[in-house]
Amino acid sequence: MSDSLASKYIEIQNVEQTFKTAKGPFCALQNVNLTVAKGEFITLIGHSGCGKSTLLNLIAGLTLPTQGSLICANREIDGPGPDRGVVFQNHSLLPWLTCFENVYLAVERVFGASSRVNGTQAETKAQLKERVDNVLAMVGLTAAAQKRPGEISGGMKQRVGIARALSMEPKVLLMDEPFGALDALTRAKLQDELLAIVAATQSTVVMVTHDVDEAVLLSDRIVMMTNGPAATIGEVLSVNLPRPRSRVDLAENTDYLHYRKAVIDFLYTRQSHVEKQAA
Ligand SMILES: Nc1ncnc2c1ncn2[C@@H]1O[C@H](COP(=O)(O)OP(=O)(O)O)[C@@H](O)[C@H]1O
Ligand SMILES: [Mg+2]
């Protein structure tokens, strides 16, 4: 891969997203420009309703922009694709399937059919099963493989969602507040696991969060969004903390505290009018 492609793996150019509503057009995002390098971990942070999910859905190809363009690995994003694995906040598992089967479905779709585009052969059932076993082991779910979503905790369901996205070996992992609904201890554990997995897979990640500590712990860069309507990127903060990162060591690290304060200042000083607007 050329250096220029590696540094511009995802390119978001002058993106605008206007929704048609009963009250007329609503401009959620305007003039959004961002370039993400291969292997980078980006978090999108901003107040509720500012357009984080809207932007992530555009990168996922679940919606198309009303203006501007989005490019991934030199190709225009014109729909969802296996090169971009998505983890939703509500895990969206099929309740009648086991954890294994939920992941197997995704693996079968990507690797179970021969591809005329890549010239790859369909994998055998044993090969597909091995992929599922490996990825379930990666997220620590081997023992729960035969359980259904109703029989496991919220944190475990979220792990299945992550395993499912990872199983497709996506070039880009897109996550929308994946740990938002979890208690603080479970969230911390999954953040640590995610850091280890991303270090091993060298994935490019774009993750939405509203948690300042999560953003600083995980990110190479934190993309801070202004409040809507017509939200855009207000500031981008590079987090130059060495990896691997340990939450225990960082708690007293002055650089960590400095980054944390910069994000809090942005959210609660410069973009603080969100509550007043809503009142
Ligand atoms: N399909 C839609 N139709 C109309 N308005 C929408 C739609 N999706 C999102 N919005 C509006 O766009 C804004 C941004 O929403 P969203 O991206 O979900 O925010 P966030 O994820 O940052 O909380 C909100 O005002 C929301 O009401
Ligand atoms: Mg959202």
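Cysteine 72 stands opposite arginine 75, a residue of S5. The strand that pairs with S5 is S4 (residues 67-72), in the antiparallel sense and over two bridges; strands here are DSSP E runs of at least two residues, helices are H or I runs of at least four, and both are numbered from the N terminus. Two strands pair if DSSP finds at least two bridges between them.

Before going further, a word on the model: it is predicted, so to speak of local features a pLDDT of at least 70 is needed, side-chain atom pairs count only at pLDDT 80 or more, and totals for chains, interfaces and linings use all residues. Residues are numbered from 1 along each chain as its sequence is written, chains are lettered from A and ligands numbered from 1 in the order in which they are written, and side-chain values use heavy atoms, with hydrogens and water left out.

Now for ligand 1. Its shell, made of residues with a heavy atom within 4 Å of the ligand, includes Phe19, His47, Gly51, Lys52 and Ser53. The shell divides into four nonpolar, seven polar and one charged residue; Ala, Val, Leu, Ile, Met, Phe, Trp, Tyr, Cys and Pro count as nonpolar, Asp, Glu, Lys and Arg as charged, and the others, Gly among them, as polar. H2 gives the largest share of this shell, three residues.

| Residue | Protein atom | Distance |
|---|---|---|
| Glycine 51 | backbone N or O | 2.9 Å |
| Lysine 52 | polar backbone atom | 2.8 Å |
| Serine 53 | side-chain N or O | 2.8 Å |

The protein covers 61% of the 560 Å² of accessible area that ligand 1 has on its own, by the Shrake-Rupley method with a 1.4 Å probe.

Some backbone details may also interest you. The peptide bond from glycine 228 to proline 229 is cis, with omega near -5°. Proline 229 is found in the loop between S9 (221-225) and S10 (233-238). Alanine 230 lies in the loop between S9 and S10 and has a positive phi of about 55°, although it is not a glycine.

Definitions and conventions: Polar contact = N/O pair within 3.5 Å; in protein donor to acceptor, adjacent residues only side chain to side chain.
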